[in-house]
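User: I would like to go through this model and ask, for each label, what it rests on.

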There are 2 protein chains.
Amino acid sequence: MTVPSNAPEFASDLISYRPDIKVLDCTVRDGGLCNDHQFDDTFVKRIFNTDVAAGVDYIELGYKCSKRIYAPADFGRWKFCDENDLRRIVGDTPAPIKIAVMADAERTDYHTDILPKDKSVIDCVRVACYINQIPTAMDMIKDAHDKGYETMMQLMAVSIVPEDQIKAALDIIAKSPAAGVYLVDSFGALYSEQVRKFTKMYLAAMEGTGKDVGFHGHNNLQLGFANTIEAIVSGANRVDATISGLGRGAGNCQLELILGFLRNPKFNLRPVLECCRDVFVPLSKKMDWGYSIPYAITGRLNRHPRDAMKWRAGKTPDDGVAFYDLMMEEPG
Amino acid sequence: MTVPSNAPEFASDLISYRPDIKVLDCTVRDGGLCNDHQFDDTFVKRIFNTDVAAGVDYIELGYKCSKRIYAPADFGRWKFCDENDLRRIVGDTPAPIKIAVMADAERTDYHTDILPKDKSVIDCVRVACYINQIPTAMDMIKDAHDKGYETMMQLMAVSIVPEDQIKAALDIIAKSPAAGVYLVDSFGALYSEQVRKFTKMYLAAMEGTGKDVGFHGHNNLQLGFANTIEAIVSGANRVDATISGLGRGAGNCQLELILGFLRNPKFNLRPVLECCRDVFVPLSKKMDWGYSIPYAITGRLNRHPRDAMKWRAGKTPDDGVAFYDLMMEEPG
């Protein structure tokens, strides 16, 4: 993917819009990391119907995790996304939205669990990996591509990867059949200036290949939406968002904010606001996600949010001082 | 003010810091807009002590409003900032932090209520006005300057002012004795690209005058912190923040986030986290501020947040759909 030649220097003139930008709603997939993917069909169908009504391009419904590694009794069905579960949500006729699933490197029996495209309602397989898993991820991309899927590459945790290794990975991805690569801010640690730098690096590495560059942010520093805009301004044309920001830890870029920013008339904000009111306001009384001080601390320290998640689930979730002291005691 | 010649292209290299950047905590002043300035001394003293311990450069304690216009019985004392009230917080000895107050154009009896500097603990008078009040504001700046104060100019609501009028106002401010001018995003409606553009316009207008350019953001689109960073990256060297983001409507840039970003060793984050835990976590159960859907809607529509504030105080604060429909019915 290259930035369209008519793309304005700054995101937009705030009146027109970029028709090339595609939005993926990963509420069910990233939100599933908050509750071991224990969403009932009513919830998932509501998200699906909301996204269709809102004109969102893709919906990601979960992972294709290995049942050898994760016992199905311990997780909800969206950890595995069996074909019959997907079809109960999506229906048998072609959906007016593309269906995506995430496949984690070394946690997916991809040869068997990802069916040939003509046997599945899935459109897009997003392969997620850490830097040391690039060879495995490339095999997964090839496998899914050969089976007939659009494939996307999610290289995670790049805020702690040396730049030369990221570049080497991008060179490999550029030669793969992946339709694109995402800049993934797993720790919610990137500031806008870094998002700009990385996005331009990713675009340069993909130049001439026709591949897209996307962005997946987290809200640990309350920059989920801001960084998503920055990625767009810098030339990315795929963005991830979740309704009400539901997602691991501090959550993600809010779908309701990014649709408002994009202004493409194919998007409708109102169904998303309805879903926020009907589903997410009640859910927020029962589940803990979104920005809070512990996430700001791990974000600032460029660390995985797992310590902050543990803290928020503990006895003193609002004692940011004790958490700060703990993090200062345990470098890195 | 000009950007220091050694300022890196992007905010920082994320390791060093810019020693020229000054932080003003306006928790008591902007937060007072949430409760008619009814803060007790215990609260205000805690904010004061926190800011001193945190190494914050300025604390703004309230307004110097006219008692002819606002009945003292209807408001807390921080609407007026009488000298004896200030001294009860600040003490009689020179404080280790600069004391600021805000004076609104046409709402302040500045000739009488702003004392000569040698009779006051105030260091800095920040004059706030709308575009049509520039002549009055300039008289207020001159009055306070002649009395011995540092003065700063806050031109409000620029997101709805034609650009040529903003430029004309900046030319007038450049010739005034004001120590600087703030870009003020009153409606929390600016995206980062606009913050960059405005900040550069303000800097260009002040070039060669030695005046500072500052930024005061709001969090309606959850961009309060992000936009403050962008202003810094673009060359601003004064920023406003509030503890836990307390402030009108969706609130302001969080002091705890901006201190973490700035990295100047003179700042200490821990006292701010203590204050968040001890004061603002309990307060958040009693007072409504911070990001929510109604503010996102007024921010996106570039409108004053007053309708959203009214909605949040009403019977269905979480019905963002009904509020959206209402706003769509009533253009501008």
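User: How many Å separate the centres of domain 1 of chain A and domain 2 of chain A?

Analyst: In this predicted model, the two centres, taken over C-alpha atoms, are 26 Å apart. The domain assignment places domain 1 of chain A at 22-284 and domain 2 of chain A at 293-329.

User: What makes residues of domain 1 of chain A and domain 2 of chain A count as in contact, and how many residues of each are in contact?

Analyst: The criterion is that the C-beta atoms, placed from the backbone, lie within 7 Å; 10 residues of domain 1 of chain A and 11 residues of domain 2 of chain A are in contact in this sense. The side of domain 1 of chain A that touches domain 2 of chain A comprises five nonpolar, four polar and one charged residues.

User: Why can one say through which surface the copies meet?

Analyst: Because 100% of the interface residues of chain A are also interface residues in chain B, the copies meet through the same surface. Chain A and chain B each bring 30 residues to the contact. On the side of chain A, H10(A) gives the most, with six residues, and the division by class is 17 nonpolar, four polar and nine charged.

How values were computed:
Residues numbered from 1 in each chain as written. Chains lettered and ligands numbered in written order. Predicted model: local features only at pLDDT ≥ 70, side-chain atom pairs only at ≥ 80, totals over all residues. Domains from an automatic or database assignment. Contact = placed C-beta atoms within 7 Å. Nonpolar A, V, L, I, M, F, W, Y, C, P; charged D, E, K, R; others polar. Helix = DSSP H or I, 4+ residues; strand = E, 2+ residues; numbered from the N terminus.
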